[in-house]
Amino acid sequence: MAYNRNREQESNAPEMIEKVVYLNRVSKTVKGGRVMKFSALVVVGDGKGTVGYGLGKAAEVSEAILKGIANAKKNLHKVTLSGTTIPHEVIGIYGAGTVLMKPAAVGTGVIAGGAVRAVMEAVGITNIRTKCLRSNNPQNVVKATMQGLLSLRDAAEVARVRGKSVEEILG
């Protein structure tokens with residue numbers, strides 16, 4: 001009975017965008033030969049400002065992807081957006097990964113590399129310019145992108161923190 005109820009809840013849940021950013025195959029040499037394992041970096045979002053990422057590891061590719069999706073759904077975060085872009089320029093840093101993100105006018109599109117593009121599409125950002133400045137390791141780039149997106153603040157939030165009105169902040 002609980003299985004059916006869980007299934008109904010999943011069908012009522014909003015449709016999530018799931019993107020596999022990177023698949024990695026590693027091998028360990030043992031007495032009997034090589035043992036292959038896989039890791040999958042997955043980004044999940046609703047296309048309306050909520051996004052998360054997860055890393056899944058398993059002996060099979062499909063199992064690693066499913067674990068990554070489950071991990072990403074546990075770590076969903078809400079991102080501050082300004083229409084179809086971000087409210088201001090931001091630099092996200094994680095380890096050696098550094099990602100510069102700039103807002104763009106309507107019609108610009110997503111100017112981004114593979115790992116950053118997957119995150120932007122999952123969030124629902126359609127107009128942005130980005131550049132990976134240091135490492136191009138997909139795990140560090142995705143984490144840096146997420147760190148940058150989570151540090152975004154809109155004018156109302158800044159005004160509330162400073163104890164001023166939105167008009168004073170915007171000038």
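These are my entries, one topic at a time.

**Entry 1: the model.** I am working from a predicted model, not an experimental one.

**Entry 2: threonine 85.** Where does threonine 85 sit? I found threonine 85 in the loop between strand S4 (77–78) and strand S5 (90–94).

**Entry 3: what threonine 85 touches.** I set aside the neighbours within four places in sequence and listed the rest: threonine 85 is in contact with Pro103, Ala104, Ile125, Asn127 and Ile128. With asparagine 127 there is a polar contact too: the side chain of threonine 85 comes to 2.7 Å from the backbone oxygen of asparagine 127.

**Entry 4: the sheet.** I traced an open sheet of four strands, in the order S1-S2-S3-S4, and the pairing is antiparallel. Which strands stand at the edges? They are S1 (17–30) and S4; each has a single partner strand, so one side of each has no neighbour in the sheet. I then checked S1 against S2 (residues 33–45) and got 13 bridges, antiparallel. Across that pair, tyrosine 22 stands opposite leucine 41 in S2.

**Entry 5: helices on the sheet.** Helix H4 (residues 138–150) packs on the sheet and touches S1, S2, S3 and S4. Its direction makes about 155° with that of S3. Helix H3 (residues 114–123) lies across S1, S2 and S3 (50–58), and I noted about 140° between H3 and S1.

Terms used
Residues numbered from 1 in each chain as written. Predicted model: local features only at pLDDT ≥ 70, side-chain atom pairs only at ≥ 80, totals over all residues. Heavy atoms only, no water. Helix = DSSP H or I, 4+ residues; strand = E, 2+ residues; numbered from the N terminus. Polar contact = N/O pair within 3.5 Å; in protein donor to acceptor, adjacent residues only side chain to side chain. Contact = heavy atoms within 4.5 Å. Pairing = 2+ DSSP bridges. Axes fitted to C-alpha atoms, helices over the stretch in contact; angles between N-to-C directions.
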